[in-house]
Amino acid sequence: GTHVSGILLEDNNVKLLPIRLGKVLGYQKNYDAITLAALRNARIVNMSFSLPDLNEDIKGIKDGIKDNPDILFVAAAGNASNKKNGKVRNIDTEPSYPASLSLPNLISVANVDSDGRLSDSSNIGPKGVDLAAVGEEVESYKLGGGKIKKSGTSMAAPKVSRVVSKMMKINPKLKPAKIREILCDTADMTKALEGKVRCGQLNETKALEFSRKSLFN
C-alpha cells in the first residue's frame with residue numbers, strides 16, 4: 001500500500017482513502033468497502049491486486065463497481081506471464097480479476113518498461129486489457145521510511161490512476177466513460193503492444209491536453 005500510495009502522490013496533490021479489497025474478505029466486506037469509498041466521495045479506486053477466480057470476493061467487488069457508476073476503477077492486469085518459460089497469460093481467455101470484469105467504469109492496465117517493452121510477467125488481453133503504463137523498476141516509498149524499486153502491474157495501475165486524478169482536476173465534470181474514451185484515444189499503440197492491449201501505452205501529456213479541450217465541448 002505504501003509503495004502504491006507514493007506513486008499516486010508523485011507530482012500530484014490528492015487525498016487518499018485506504019480501503020481493504022481482495023481475497024478472503026468475502027462478498028459483503030468487499031462490497032461495503034466500495035460503498036464506503038462512495039460515501040466518502042471517492043472518484044477513483046485503484047486496485048493493485050489480481051485474483052484468478054470469480055469467487056465471492058470478486059462478486060462483491062463486481063457488484064460494488066456496478067452500483068457506483070460515477071467512480072472510475074483502475075485494475076492491475078496481473079503478473080501471471082512468464083515469457084522465459086513460454087507462458088503468456090491472456091486474460092481474454094484466462095481471466096484475472098478484477099481486471100477481467102467487463103464494466104464501463106473499469107480500466108485494466110498492463111506493465112511496460114521505460115522503453116515501452118511489455119514486461120515478461122505482465123498479463124495481456126487485446127480486448128480485456130485497456131492500457132499499458134510503466135511499471136518496471138518504479139521507485140516509491142516503503143513502509144518504515146526510505147524508498148525502494150518495485151515492478152509489476154500493481155505499479156502500472158496507479159500511474160494511470162494518478163493521470164486520471166489530474167484529468168478530473170482539469171475538468172471535474174468528466175465521467176468514467178469519457179475518461180476511458182480520452183485515455184484510449186490518446187494512448188500510443190506501438191508494435192510491442194499490438195495484439196497485447198486494446199488501446200496502447202498511456203500518454204499523460206495528450207490525456208491532459210484532451211481533458212482541457214473537453215472543457216469547451
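**The largest pocket and the rest of the picture**

The largest pocket is lined by 29 residues, and those nearest its centre are Leu8, Leu16, Leu17, Ile44 and Asn46. Helix 1 (2–9), strand 1 (44–47) and helix 4 are the elements that give two or more residues to that lining. A heads-up on the source: this is a predicted model, where local features need pLDDT of at least 70, side-chain atom pairs count only at pLDDT 80 or more, and totals for chains, interfaces and linings use all residues. Residues are numbered from 1 along each chain as its sequence is written, and side-chain values use heavy atoms, with hydrogens and water left out.

**Pockets**

- A pocket here is an open set of points on a 1 Å grid over the protein atoms alone, with protein on both sides within 12 Å along at least five of seven lines; lining residues have an atom within 4 Å of a point.
- The largest pocket has a volume of about 950 Å³, where volume is the space filled by probe spheres set on the points, and grid points are joined across faces, edges and corners.
- Helix 4 hands over the largest share of that pocket's lining, 5 residues.
- Sorted by class, the lining of the largest pocket has 15 nonpolar, 8 polar and 6 charged residues.
- For those classes, Ala, Val, Leu, Ile, Met, Phe, Trp, Tyr, Cys and Pro count as nonpolar, Asp, Glu, Lys and Arg as charged, and the others, Gly among them, as polar.
- The second largest pocket holds about 160 Å³ of space, and its lining includes Ile91, Asp92, Lys127, Asp130 and Arg180.

**Helix 4**

- Helix 4 covers residues 153–170, 18 residues in total, and reaches 26 Å from its first C-alpha to its last, close to the 26 Å expected at 1.5 Å a residue.
- The expected span is 1.5 Å times one less than the number of residues, and helices (H or I, at least four residues) and strands (E, at least two) are DSSP runs, numbered from the N terminus.
- Helix 4 is mostly covered, with 16 of its 18 residues buried; buried means under 20% relative accessible area, exposed over 50%, and partly exposed in between (1.4 Å probe, protein chains only).

**The cavity and the disulfide**

- There is 1 cavity of 30 Å³ or more, a cavity being a set of grid points where a 1.4 Å probe fits but cannot get out.
- Its lining is made of Ile107, Asp130, Leu131, Arg180, Leu183, Cys184, Arg198 and Cys199, and helix 5 (residues 176–186) gives the most, with 3 residues.
- By class, the cavity lining comes to 5 nonpolar, no polar and 3 charged residues.
- Cys184 and Cys199 are joined by a disulfide, S to S 1.9 Å; the term covers a pair of cysteine sulfur atoms within 2.5 Å.
- This pair links distant parts of the chain, 15 residues apart: Cys184 sits in helix 5 and Cys199 in the loop between helix 5 and strand 7 (200–201).
- The link of Cys184 and Cys199 is left-handed, with -90 degrees about the S-S bond.
- Cys199 is buried, at a relative accessible area of 7%.

- An open sheet of 5 strands runs in the order 1-2-3-4-7 with parallel pairing; two strands pair if DSSP finds at least two bridges between them.
- Strand 1 and strand 7 are the edge strands, each pairing on one side only.
- Strand 2 (residues 72–76) and strand 3 (residues 106–112) run parallel and are joined by 4 bridges.
- Ala76 has Val109 as its bridge partner in strand 3.
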